[in-house]
Amino acid sequence: MKYLSIENIKNISIGAAMLGAGGGGNPFIGELMAINATRKYGKAKLISVDEIDPEALVVPISVMGAPSVQLEKFPSGKEFIKAFNLLESHLHQKIKATFPIEAGGVNSMIPIMVAAKTGIPLIDADSMGRALPELQMSTFTLYGHTATPMSVVDEKGNGALLETIDNYWTERIARSIAVKMGATATVASYPLHAKDLSKAGILGVVSLCEKIGEIVSNINNFLTVKDALNHLLELTKGFCFMEAKIVDINHETKAGFNFGTVKLEGFESSKGEKGEVDFQNENIVFKLNDFVAITAPDIITFLDVESLNPVTNEELKYGKRVFVIGIPCSDKWRTKDGIKLVGPRYFHYDIDYQPVEKRFKEFK
């Protein structure tokens with residue numbers, strides 16, 4: 001157990017953005033909300049799942065929708081508490097702890113803000129080990145847990161409670177509501193007992209995010225940027241595929257998602273190479289010289305070549321220079337059911353999933 005300082009929050013935000021594969025919402029917005037709540041209400045308490053009653057009700061809180069919209073449609077802060085209140089009223093139980101639904105941008109910060117504001121602890125776990133675009137894309141689905149009952153709330157005070165037949169229908173219906181609410185909405189979903197989270201969740205994610213952030217925040221302690229990058233790759237078991245400049249971006253928001261393609265040209269060690277990343281909120285497929293180099297559920301992420309700060313997809317700009325990094329996903333995703341749920345064929349690519357470490361060896 002530990003209490004999260006403002007420095008801890010900043011480091012977690014950096015790490016979550018890196019694991020977020022370009023998505024998960026804008027980390028700066030979420031970081032400001034978490035820091036403000038910490039200053040106003042006190043530090044959030046971070047615990048491991050075995051530090052809470054196994055029968056305790058634990059619920060993740062998150063934002064659903066197109067991440068780019070969050071830059072213009074700023075949350076009020078009240079919707080997160082209302083989402084919990086709606087769910088508690090329906091279940092006739094108090095929520096005893098919260099945790100991130102995913103590692104990524106704003107969705108790793110919101111639970112910290114809620115934990116600070118309400119006094120309930122934050123559990124060091126999530127349900128993805130990264131960020132993914134659709135609500136059913138959770139390790140909880142693999143273990144047979146339902147996303148509903150689930151509350152959906154907007155910043156105006158509108159709220160809805162969903163009961164669905166499966167998690168795919170939850171995604172469809174909740175996405176439609178989020179679109180009507182302005183392309184984003186707050187959701188409290190997957191109510192679980194702590195004992196279920198310990199089996200179905202991905203443990204230690206918040207702590208991993210903080211360790212990543214510590215390296216990036218202390219980059220000046222390393223001899224070179226690439227020395228710091230090597231420490232990051234060692235920590236995450238990741239691989240650097242390309243040193244590149246962004247030369248083109250196609251981007252659109254539709255049906256509550258951000259879709260796009262980023263084109264890259266290599267420089268320095270990657271001079272003469274060409275890359276392309278397709279994303280749906282999160283980065284899904286990276287091709288290098290027409291070779292499929294990385295696919296979901298492994299993590300494709302961009303890091304600024306000077307600071308190593310993660311670059312989320314709404315922050316992409318022409319001329320930006322980045323490292324293209326591949327990080328292995330959780331073993332929970334590397335099953336037949338996991339690949340079916342979040343692999344490249346789900347996103348309509350005629351590509352079979354291969355682990356990033358195998359693809360890196362083939363590329364090299």
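In which helix is Ile 173 found? Ile 173 belongs to helix H6, which spans residues 167-180; helices are DSSP runs of H or I with at least four residues, strands are DSSP runs of E with at least two, and both are numbered from the N terminus. The model is predicted, so local features need pLDDT of at least 70 and side-chain atom pairs count only at pLDDT 80 or more, while totals for chains, interfaces and linings use all residues. Residues are numbered from 1 along each chain as its sequence is written, and side-chain values use heavy atoms, with hydrogens and water left out.

Ile 173 has a relative accessible area of 33% and is therefore partly exposed, a class that lies between buried (under 20% relative accessible area) and exposed (over 50%), with a 1.4 Å probe and protein chains only as cover. Together with Ile 165 and Trp 169, Ile 173 makes a nonpolar surface patch of about 320 Å². Such patches are made of residues with over 30% relative accessible area and no salt bridge, nonpolar side chains (Val, Leu, Ile, Met, Phe, Trp, Tyr) being joined within 5 Å and like charges within 9 Å; a salt bridge is a side-chain nitrogen of Lys or Arg within 4 Å of a carboxyl oxygen of Asp or Glu. The areas come from the Shrake-Rupley method with a 1.4 Å probe.

Turning to the strands, E13 (residues 257-266) is mostly covered, with seven of its 10 residues buried. Strand E12 (residues 239-254) runs antiparallel to E13 and is joined to it by 10 bridges, and Lys 245 stands opposite Glu 265 in E13. E13 also runs antiparallel to strand E14 (residues 274-280), through seven bridges, and the bridge partner of Lys 263 in E14 is Glu 276; two strands pair if DSSP finds at least two bridges between them.

Thr 295 lies in strand E16 (residues 291-295) and is buried because its relative accessible area is 0%. Leaving aside residues up to four places away in sequence, Thr 295 touches Ile 284, Val 285, Ile 300, Pro 344, Ile 351 and Tyr 353, where contact means heavy atoms within 4.5 Å.

Glu 315, by contrast, is placed in the loop between strand E17 (299-304) and strand E18 (321-327), and counts as partly exposed because its relative accessibility is 31%. The C-alpha atoms of Glu 315 and Gly 22 are separated by 9.0 Å, although these residues are 293 residues apart along the chain.
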